[in-house]
Amino acid sequence: MMRHLISAADLTRDDAVLILDTAEEMARVADRPIKKLPALRGRTICNLFFEDSTRTRISFEAAEKRLSADVINFAAKGSSVSKGESLKDTAQTLEAMGVDAVVIRHGASGAPYRLATSGWIDAPVINAGDGTHQHPTQALLDAFTMRRRLVGRDAGLGKDLEGKRITLVGDVLHSRVARSNVDLLHTLGAEVTLVAPPTLVPVGVETWPCEVSYDLDSTLPKSDAVMMLRVQRERMNAAFFPTEREYSRRYGLDGDRMAKMPEHAIVMHPGPMVRGMEITAEVADSDRCTVIEQVANGVSIRMAVLYLLLGGNEPAVTHTRTEEK
């Protein structure tokens, strides 16, 4: 494994399958009465969140604690960042405190890469989402969920997603989840199609390893998994579609559209869902929707990533202490 996890594009097929297989092992821990492993005992991990988060922050924290790591939670609100402290000064503060790994979410695309390559801190950096750029652990947990549902929990071990047809629908322009999924699913051999209004398709998408369509109804019957993406109003500075009602009518997933999907196909959503916009309550609450599974699988994936990056098979304390006689 590499030292940092900044982008899903950095992972080879073997790296990705190793993480997915390790996550399968970690998932078994969740079935135990005591959900703890001593793998990272004595290690300190800092969750450095400059953006709001529920699922990702709690998921990383649960993963760290299940591996017995010591956890420091940092939120930009209420910290010295609100007084004007820079990312460099924050990083050097953490370095002085001796943290062993940093999980960072930041509104600026490229912030985790800067942190990993600047020399400000000597610790593995895990990207928990940066701007509209990347969210690699989300892509990994999505691929893990797809492999479990479409290939099988045990049958999937050592396997990728070769030949599976995945459709991502919605606000691709502002979505770091879409970018990460396109990269990882292509690496794992899946065929990816993006469906979005022309105004929400990024410039240069023709260079991405995927197809682009503007017609949701024609792609649904050919899809093994359909991932609905939230319209990210907080990142928008213009009107990208006339009304919410028109967007929902053209690109929202309802019961009638779900019925067009193959019998085995699943509906996914990275969360948070906006019910009535990109997905109806009927679809969100159906058995084919994997949103809750994705949350549970997120803990297993993040346990696997932390374990592999921090060399969890090595002892936390490497030095030996000899007593004088």
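Reader: Which strands does helix α5 lie across?

Author: Keep in mind this is a predicted model. Helix α5, residues 136-150, lies across β5 (165-169), β8 and β9. Relative to β9, α5 runs at about 165 degrees.

Reader: And what's the strand order in that open sheet?

Author: It goes β7-β6-β5-β8-β9, five strands with parallel pairing. The average twist from one strand to the next is 20 degrees.

Reader: Which strands stand at the edges?

Author: β7 (211-213) and β9 (266-268). Each has a single partner strand, so one side of each has no neighbour in the sheet.

Reader: OK, β8 and β9: how many bridges do they pair over?

Author: Three, in the parallel sense, with β8 covering residues 225-228. As one example, V226 has V267 in β9 as its bridge partner.

Reader: Switching to helices. At what angle do α2 and α11 cross?

Author: Roughly 55 degrees, with the axes coming within 8 Å. α2 is residues 55-66 and α11 is residues 291-309.

Reader: Left-handed or right-handed crossing?

Author: Right-handed.

Reader: Which residues make the contact?

Author: From α2, R55, T56, S59, F60, A62, A63, E64 and R66. From α11, V295, G298, V299, R302, M303 and L306.

Reader: What's the split into nonpolar, polar and charged there?

Author: For α2 with α11, seven nonpolar, three polar and four charged.

Note on methods:
Residues numbered from 1 in each chain as written. Predicted model: local features only at pLDDT ≥ 70, side-chain atom pairs only at ≥ 80, totals over all residues. Heavy atoms only, no water. Pairing = 2+ DSSP bridges. Helix = DSSP H or I, 4+ residues; strand = E, 2+ residues; numbered from the N terminus. Axes fitted to C-alpha atoms, helices over the stretch in contact; angles between N-to-C directions. Contact = heavy atoms within 4.5 Å. Left-handed = near helix turned anticlockwise from the far one by under 90°. Nonpolar A, V, L, I, M, F, W, Y, C, P; charged D, E, K, R; others polar.
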